[in-house]
Amino acid sequence: MPRFSDRVFRIVVTGGGFTSLVILGLITAFLAYRGFEIFRTFGLHFITNFSWDGGNPDAGVQPSLGIGAMLIGTVVISLVGLFIALPIAVGSALFLTYYSPNWLRKPLTILVDLMAAIPSVVYGLWGFFVLMPHAVYWARLLNRYLGWIPIFNVPMPIFERSPFIAGLVLAVMIIPIITAITREVFAQVPLDRIQAAYALGATRWSMIRAVVLPFGSSGIAGGAMLGLGRAMGETVAVYLVLNLAYKPNFHILFSSGGSIASMIVNKFGEASPFELKGLMAAGLALFVLTLLVNFIANLIVRRTSRTGH
Amino acid sequence: MAQSTSTQILDPSPGRPWQKSPRQFIPDLVVFVLALAVSEVTVSLTGLRGKIALLSLFTLYSMAGSMVIAFRRRGISAMGNALASSFVYLSVALVALPLFSVVITVISRGVHALRINTFTQDMAATQPDAPFNQGGALHAILGTIVLILLATAISVPIGVLTGLYLTEIKGRAEGLVRFLVQAMSGVPSIVAGLFVYAVWIVGGHGGFSGFSGAVALSILMLPTVARTAEEVLRLVPNDLREAGVALGGTQWRTVVMVVLPAARSGLITATVLGIARIAGETAPLLLTIFGTTAKHFNPFSGPMSALPLYVFQLLQSGLNVAIARAWTGSLVLLAMITVLFTFARVVGGKSKS
Amino acid sequence: MSNLININRNEGDDVAAEPNEGSLVSSLAAVANRAVRIPANVRNAGADLEARGVHAWFGANHVLSDINLAFSAGTVTALIGPSGCGKSTFLRTLNRMHEFIPTAAMAGEVLLDGVDIYEQGTDVTKIRLKIGMVFQKPNPFPSMTIGENVLSGLKLAQLKHSNKSDLMEECLTRAGLWNEVKDRLSAHGGSLSGGQQQRLCIARALAVSPEVLLMDEPCSALDPGSTLRIEETIRHLAESVIVVIVTHNMQQAARVSDYTGFFLSEDGPGRLIEFAPTREIFSRPKDPRTEAYVTGRFG
């Protein structure tokens with residue numbers, strides 16, 4: 001028979017443990033509640049419609065709200081970011097686990113962690129003033145020499161604030177998280193397999209290819225998904241380096257893109273009450289999207305750490 | 001080797017024959033110098049311009065050079081190995097480059113408008129384009145401090161409770177709770193802000209206020225605190241718990257008197273890492289504290305400012321002077337986060353050893 | 001140098017079972033030149049692998065002192081001794097696996113066909129191809145099938161082989177595993193029993209045609225039946241490669257080996273106390289410490 005004080009303790013601690021559930025539930029409930037009218041009015045069109053028109057009651061123009069372009073844009077910039085970040089992150093995780101001299105390992109790990117702690121607004125500032133001039137030059141080069149590939153094509157030679165540049169900034173921001181996760185998985189590779197490979201005359205790279213990458217593949221996939229989720233939710237940095245346009249654009253070098261999170265910031269200031277509800281609904285869509293991506297990521301990462309042993 | 005007759009009795013000194021001798025670095029050095037020279041020539045002869053073009057060419061040439069050397073010395077498998085090594089070193093460089101670039105730019109551009117009054121004045125009576133010796137970020141610094149204190153007060157107790165649930169109670173829902181904490185760490189910051197806005201501000205519980213900002217920040221801080229707290233509580237040896245219970249203590253007394261004190265420095269690390277996570281958040285503050293130019297201490301009513309928001313709002317004015325102030329704000333913010341981060345590392349490093 | 005002639009002669013062809021003259025000349029020359037004190041019983045004329053004055057350290061800890069040993073073709077040598085005597089460390093210095101421990105250091109020479117494997121500029125991956133290793137715990141690659149495991153060495157070192165299925169069969173036969181797995185070569189290595197996995201690891205090591213096979217307590221994780229199978233395999237292997245086996249089990253040493261070296265650490269680095277034909281070590285050891293150990297009075 002547990003004592004009374006212990007029972008109180010267990011109730012309090014359990015209550016604390018379930019706060020996350022309560023908060024996640026409340027977020028869903030409130031955003032859905034505030035955005036309910038939007039879903040009722042537009043239904044699925046809210047997702048598929050590309051335009052965002054607040055309407056004009058005086059002129060009798062009905063509002064027409066849709067986040068299609070922003071949704072596509074979010075996916076495009078996140079994928080560009082992931083595409084750039086993933087090889088770099090896996091490379092540095094490999095360096096930290098198998099190439100680095102011992103004295104360098106710890107400082108470098110701290111630097112990567114510090115990179116994750118730099119505020120979004122600072123990355124945005126840097127991205128706009130420092131990275132963009134260079135990135136525009138690279139974009140021109142890419143466009144000149146690889147323009148025959150559809151995604152490197154541009155309708156007009158305007159390269160500033162493009163999905164490519166947003167993707168570059170996002171890449172810098174998600175490299176630390178992907179590096180951290182893949183590094184953890186690489187560190188779990190059983191030593192006896194590594195030794196077996198070396199004892200068979202493997203070079204460092206052939207050992208990594210035969211032992212480390214097969215073992216770590218799902219960890220890499222999980223880290224990549226987590227990075228993707230992080231990239232999709234980034235707001236301020238993207239807002240500063242991306243030209244929002246309510247039109248889907250797959251020409252990543254061209255100055256036109258979308259991001260739900262940035263759109264919320266962009267529209268928030270001058271939104272009518274009805275548009276505000278639209279923003280709530282957009283927030284809910286973003287929330288569900290990132291939750292889904294994170295869910296898959298965690299499933300994958302967990303599977304590795306279980307089958308790894 | 002001839003000395004071996006005379007030094008029979010003495011042990012030889014430990015050596016590491018597997019490490020490269022300085023002489024073996026000569027070919028690598030030659031490759032680097034050659035690659036540099038050839039890329040200089042390429043830049044001067046072709047349309048490629050600039051430091052970055054030079055760097056990329058240099059990287060490309062030295063990769064090719066090291067592959068040729070490896071192939072000539074040791075064959076095809078060594079060539080693949082050399083290529084992979086170049087790739088791995090290159091990726092570390094590509095991680096370090098933006099990081100250093102960010103830090104160096106923030107410092108070099110941030111000191112431009114850095115004055116004593118940055119820390120002593122607010123912007124209430126100052127236009128953004130006023131000279132740098134007028135106005136400052138005091139209101140934003142104070143706002144950030146208030147927000148951090150409030151968010152810490154909310155999220156640390158809950159985070160530690162979550163950690164305790166995972167390590168001390170180990171209920172049936174352990175997996176679920178851990179999963180939820182993971183899921184929460186993926187909540188986009190703008191969504192947290194939007195949520196608080198939806199509950200608090202639209203709901204008519206009050207307008208923009210520091211407190212609503214702190215609630216939004218707590219949502220983002222909680223998972224970091226909970227996860228780190230779980231890790232450090234797990235490090236508390238089990239015999240300490242058993243000793244507490246064996247002495248007739250109840251579980252909660254054991255936790256309060258034994259487990260938590262044992263994990264104290266780790267819990268401080270958890271708190272500081274959580275603070276470092278939220279100190280630079282901008283997006284949720286836009287929707288909750290709104291921003292102001294004057295000092296404002298009451299977190300329960302009226303707009304407040306905070307450093308990241310201060311930076312963001314100055315940027316939006318688009319004026320050169322305001323942008324210089326924004327860089328200074330970034331410098332202060334970055335310095336603050338670095339200090340917090342270093343502190344967490346030092347305390348955390350101690351607790352682990 | 002005469003060493004060079006010797007290595008050229010041996011490159012590519014299968015390991016010679018009889019003593020070869022090149023290394024006789026070179027090792028005698030080397031002995032004369034260096035005047036290192038080598039016990040008489042070690043001065044084995046047919047030696048292909050030879051340790052000279054090998055010391056090993058972990059950090060400041062001197063774990064192995066002045067080991068001089070030669071292993072000749074066609075023989076099995078067992079290294080015995082109580083735990084912590086440095087015999088496994090010694091084994092790992094023989095194919096340069098010692099250097100994977102970050103604090104490791106060493107001194108001395110290990111000559112393979114007269115050439116020091118620690119010489120500056122040596123391609124260590126080629127050394128490990130010639131001197132294979134089987135570990136204490138069976139460690140097949142779990143992501144590969146049985147067949148892929150056997151051929152994994154070729155893939156890791158990017159070697160070509162004209163007839164892979166013949167090679168696979170040959171290696172599995174030599175490892176005594178062919179009959180058990182020939183119908184399920186595409187099953188995963190993890191589906192085999194512990195003893196079968198260890199023989200798979202032996203087959204894997206054989207596929208790159210090593211001259212020497214080092215075995216670090218290969219049976220300590222296995223049941224008695226599997227142990228016997230492996231010992232049988234080892235006896236067969238001795239016809240084609242030099243086998244050096246570290247073992248805790250003195251009966252095993254007596255059963256499989258031609259020569260036995262006894263290692264002991266007495267409050268200091270491990271040393272080679274006695275090296276002799278196995279029969280002599282077990283019937284009339286010269287050193288009282290060896291006698292104490294083989295009769296089970298300590299260790």
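Predicted model: local features only at pLDDT ≥ 70, side-chain atom pairs only at ≥ 80, totals over all residues.
**Stop 1: chain B**

Chain B has 13 helices and 0 strands. Switch to the C-alpha trace. Along its principal axes, the trace of chain B spans about 85 × 70 × 40 Å.

Now colour chain B by burial. Buried residues account for 46% of its 353 residues. Turn to contacts within the chain, taking those with a separation of 6 or more. Of these, 69% join residues 24 or more positions apart.

**Stop 2: where A meets B**

Select the residues in contact between the two chains: 66 from chain A and 69 from chain B. Colour the chain A side by residue class. That side holds 42 nonpolar, 19 polar and 5 charged residues.

**Stop 3: helix α6 of chain A**

Select residues 120–146 of chain A, which form helix α6. This helix has 27 residues, yet its end C-alpha atoms are only 31 Å apart. A straight helix would reach 39 Å at 1.5 Å a residue. Where does the kink lie in α6(A)? Centre on A:Leu131: a kink of about 55° lies there, shortly before the proline A:Pro133.

Keep α6(A) selected and pick out its buried residues. A:Leu131, the kink residue, is one of them. Others include A:Ser120, A:Val121, A:Val122, A:Tyr123 and A:Trp126. Further along, look for A:Met132, A:Ala135 and A:Ala139, also buried.

**Stop 4: where A meets C**

Bring in chain C. Here 17 residues of chain A are in contact with 24 residues of chain C. On the chain A side, α8 (191–199) and α9 (204–233) each supply at least two residues. Select α8(A) next, since the definition of a helix run sets its limits. The largest share of that side, 7 residues, comes from α8(A). By class, the chain A side divides into 10 nonpolar, 5 polar and 2 charged residues.

**Stop 5: the largest nonpolar core**

Which residues touch the most other members of the largest nonpolar core? Select A:Val169 and C:Val243, out of 283 residues in that core. Zoom in on C:Val243. Leaving aside residues up to four places away in sequence, C:Val243 touches C:Val76, C:Leu213, C:Met215, C:Ile234, C:Leu237 and C:Ala238.

Notes. Residues numbered from 1 in each chain as written. Chains lettered and ligands numbered in written order. Helix = DSSP H or I, 4+ residues; strand = E, 2+ residues; numbered from the N terminus. Buried ≥ 20, exposed ≤ 12 C-beta atoms within 10 Å, placed from the backbone. Contact = placed C-beta atoms within 7 Å. Nonpolar A, V, L, I, M, F, W, Y, C, P; charged D, E, K, R; others polar. Expected span 1.5 Å × (residues − 1). Bend = angle between axes of the 7 residues up to and from the residue. Core = buried A, V, L, I, M, F, W, Y, C linked by C-beta atoms within 7 Å.
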